[in-house]
Every structure is written in C-alpha cells, then in structure tokens.
Amino acid sequence: MTKSKKYTADILISGAGIAGLTLAKLLADKGLCVHIIEPNKPATEKDTPVTGRTVALMQTSLNVLKAAGTKEFHESIGTKMEVMCLIDDSMRGQQTITSEFDAFDIGLDYFSMNIPNDKLRAYLFEQCDAHENITMHCPVMLEDYKIENGARVIATLDNGETISASLIVGADGRGSLVRKIAGIKAHRTQYDQSAITCVINHSRSHNNTSTEFHREGGPFALVPMMGNQSSVVWVEKTPRADELMKLPKDAFENTLQAATNNILGGITLETAPQCWPLCAIKADRLTAPRTALIAEAAHVMSPITAQGLNLSLRDVATLAETIFDTAKIGGDIGAQSTLRQYEKRRSIDIGTRFFGVDRMNRIVGTHRAPIKDIRRIGLKMVDRFSPLKMLAMQHGLAPSLDSGRITRGETL
Ligand SMILES: Cc1cc2nc3c(=O)[nH]c(=O)nc-3n(C[C@H](O)[C@H](O)[C@H](O)COP(=O)(O)OP(=O)(O)OC[C@H]3O[C@@H](n4cnc5c(N)ncnc54)[C@H](O)[C@@H]3O)c2cc1C
C-alpha cells in the first residue's frame, strides 16, 4: 500500500485565480513556503486564446501586479484607457447626456489598463509553477481542513494527501469551500441581470476611450483593446440576455451594431459571446481561526464600474503586507492578532465599495421617473461643473483609506 504524502508549508492557498496566484508570488518571492491547491489546470500562456473576459485594472492594481513581477507581461497584452465616456441613453437615441473624463485632467497618463483575464492567469500560473518556494497541487481539490491545537491548519486533498500550514487563504472564488468550512456566512443577492461579454473588431479607432452607455437593462460598455478591437460588457435583464445568446451570429452582430450607436464604425465578432449571470455576495467576516478570505471568496459585485478584481488585488496587497511584516519579526502569520490586522485594514474599503457598486447598479438599472431624472441631472452637472468632475474621477480611483505600500507602487 502506498503512503499518502504529507507536506508542510507556511501558507496554503486554495484557488489559483488571478488573486490567489498574485498573493502566492508576492510571498514566495520573499522566501515564504507557499502551497496552492487548484482543480482546473490552465493551458500555457501561449496556448491560451483571448476571450471576451477582460479586466480594466487601475494603477493601484497594476502596482500590485508589478510587485508580483508581471509588469513587462501585462504591459505587452494590456491597452491603456485614457478617456472614459459615460452616456445616459435611457431615452434610447433621444436626449442622450454625455460626460467625458480625461485622465490627463487629473495628471495621469491613463485611468486603467484593459487586460485579458485568461492570459494573465495563465502567465501567473506558469510563474508560480516554476517558483522554487511554491508547490502547486493541480488538478486537485481541497476536501476539508481542521485546526490542530489552535496552531496548525491540516488540510486534506481529494488525492489523499495532506498539507500542514500556519494559515489557509480562501482564494477559491464565489462558491468558496474554505468560507464554508470556516463557517463564515455569506449574503447573496441574485440580480435579474446577466452580462454578455465578447471581443469585437471595428472599422474606426477607439482612441483609447472606454464608452459606457446606461440603458434600461443595465450598462453597455465598450472597452479598448489592441488595434481596432474592443471588449464588450453588455448587461441586460436575464430573459433578454438569454434571447440575445440564442441569436445566430449575423443577427447578434446586427443587434450589437445598433447597441454601439455606430460610434466605432462597422463591427464584427472576434470571439463568441459568453453570458455571466450577475449577483452580489458578501461574506460576514474575512477571517476565522487560521483562515483568511480574499477576492471573490469574500465579495462578488456587479461589473458596473469595473471594481471587482481591483478590490480583490487590494485584499491581496494588504494580506501580503500583513503576513510579511509579521514573518519578518518572527511572529505567527496565522495568529488571531495578525488576521485581525488584515480584517481591520480591509473592512472599510470592501464595505463602501460593495455598497456603492450595488447602489450604482440599482440606480443605473432604474427607469422610474424621479430616480432616472435625478441620475440624468447628476450626470449633466458632473459634466458641466469641472471641480465636481475632478472629484468624481479622484473618488473613482482612490483605492481606500488604508491603501498600503504595494498599491502605492512601493515594494513588499
Ligand atoms: C462580465 C464581468 C466583467 C468584469 N470586469 C471587470 C473589470 O473590468 N475590472 C475588475 O476589476 N473586475 C472585473 N470583473 C470581476 C473580475 O473578473 C473577478 O473579480 C475576478 O476575475 C475574480 O477573480 P478571483 O481570483 O477572485 O476568482 P476566480 O477567478 O473565480 O478564481 C477562483 C479559483 O479557485 C478555484 N477553485 C474553485 N473551487 C475550488 C476548490 N474547492 N478548491 C480549490 N480551488 C478552487 C477555481 O478553479 C479558480 O481557479 C468582471 C466580472 C464580470 C462577471
């Protein structure tokens, strides 16, 4: 009979999405021993095609990725968003209200960089897989874990192996098993909306401008990619999104063409449309004994205003700093006092962004008279009154009250 392997680590991360992998790379670069469990092995970066899923990452998030060593790579596949254009098109073609925000006006070269998700994940996966301080368990599932004498996490994997660690990090996405095992409750709101994503080719240049139309079903966003390509995030009420997904390619392209108001000229589909039902999930707590949650294991939001992964990478930066600072002075990285620091530093940012995005999603999707009118007047005022516009831009970019050194562009 073969004996199941037993491993010992400093940190065990469950989930090799962008958040989990970035955390692993930051800590492993500082000499900590990291193990990662992941059920889905990605293709190599070279074999990973660009799909409709892209993320617009702000400077603070790019700083976190830079600290994890991806700068050259993400700049080679990312596209800068220099101008953001918001269009209230709730009267469908009549009396649109447009407000343009230019990064240059607040002293920036660009607001954010639009990066294909799967390519970035595949690159990070390869970097982690090759790292001498990281052991990748893939394709493997976490089965369960227990806390031994309050001092160690003992995790069991579905291949019978066990890993002992000082801390387990739940980076295992919206259905987080770590969250469930830790007994952390999560509140879920199912929106009656779905997001259709795809990449399109277009005849006119996007001029590095991201355009978001606000319409009855939800926002419709065109986000610049390399050359004459853009990614589309098209939020509609779910029954309408389902109808759109059933259309043959030609009919879908025609409907999409009309939805763009022809601002990018003639369009064709580069990638097949994909559909994502939208919901909001918020965990009650970010920590439990020897357990920390990050990213979608802790919070899931509507894609409106593109905050999801940006918020997640701030969790990553804060947790990496807290763990590293504790390890540096010989402290216990999984102790309650360490986890309390992480929870305290992240609570306000997560709470305010989560609430703000949920409200925004409801306001944009509302077409009842007083709210719709107030929204339209608000957008008009922001466009005409330049101090208000500056404030809106700075508020949209300001990471949090406690942003931490990595998000500011310093090293860990
Ligand atoms: C349409 C759309 C557009 C978006 N646009 C933006 C944007 O422009 N900007 C932005 O910041 N955010 C955006 N977001 C949000 C962003 O895409 C997500 O927040 C992000 O991709 C989630 O990353 P994650 O690492 O938390 O989770 P995931 O990518 O879901 O990673 C979780 C990982 O855990 C693994 N896993 C699952 N179960 C287990 C288990 N039991 N054991 C071990 N591992 C497990 C999974 O296989 C996966 O690899 C958008 C979201 C949507 C839906």
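A backbone N or O atom of E296 is placed 3.1 Å from an oxygen atom of the ligand in this predicted model. The protein covers 85% of the 1000 Å² of accessible area that the ligand has on its own, with accessible areas taken from the Shrake-Rupley method with a 1.4 Å probe. Elements that give two or more residues to the shell around the ligand are helix 1 (18-29), strand 3 (54-58), helix 4 (117-129), strand 12 (186-202) and helix 8 (308-328). Helices (H or I, at least four residues) and strands (E, at least two) are DSSP runs, numbered from the N terminus.

The ligand is surrounded by 32 residues, of which E38, N40, R53, A56 and L309 are the closest; a residue counts as near if one of its heavy atoms lies within 4 Å of the molecule. By class, this shell holds 16 nonpolar, eleven polar and five charged residues. In this grouping, Ala, Val, Leu, Ile, Met, Phe, Trp, Tyr, Cys and Pro are nonpolar, Asp, Glu, Lys and Arg are charged, and the others, Gly among them, are polar. A polar side-chain atom of E38 lies 2.7 Å from a ligand oxygen atom, and a polar backbone atom of A19 is 3.4 Å from an oxygen atom of the ligand. A polar contact here is a pair of N or O atoms within 3.5 Å.

The axes of helix 1 and helix 4 come within 9 Å and cross at roughly 35°. Axes are lines fitted to C-alpha atoms, for helices over the stretch in contact, and angles run from 0 to 180 degrees between N-to-C directions. The crossing is left-handed, that is, the near helix is turned anticlockwise from the far one by less than a right angle. Residues I18, L21, T22, A24 and K25 of helix 1 meet N117, L120, R121, L124, F125, Q127 and C128 of helix 4, where contact means heavy atoms within 4.5 Å. The residues of this contact divide into seven nonpolar, three polar and two charged.

Two backbone features occur in loops. C138 and P139 are joined by a cis peptide bond with omega about 0°, and P139 is in the loop between strand 8 (134-137) and strand 9 (142-148). N262, in the loop between helix 7 (249-259) and strand 16 (267-269), has phi near 60°, a positive value in a residue other than glycine.

Residues are numbered from 1 along each chain as its sequence is written, and side-chain values use heavy atoms, with hydrogens and water left out. Local features need pLDDT of at least 70 and side-chain atom pairs count only at pLDDT 80 or more, whereas totals for chains, interfaces and linings use all residues.

Key:
A polar contact is a pair of N or O atoms within 3.5 Å; within protein, one must be able to donate a hydrogen and the other to accept it, and residues adjacent in sequence count only if both atoms are side-chain atoms.
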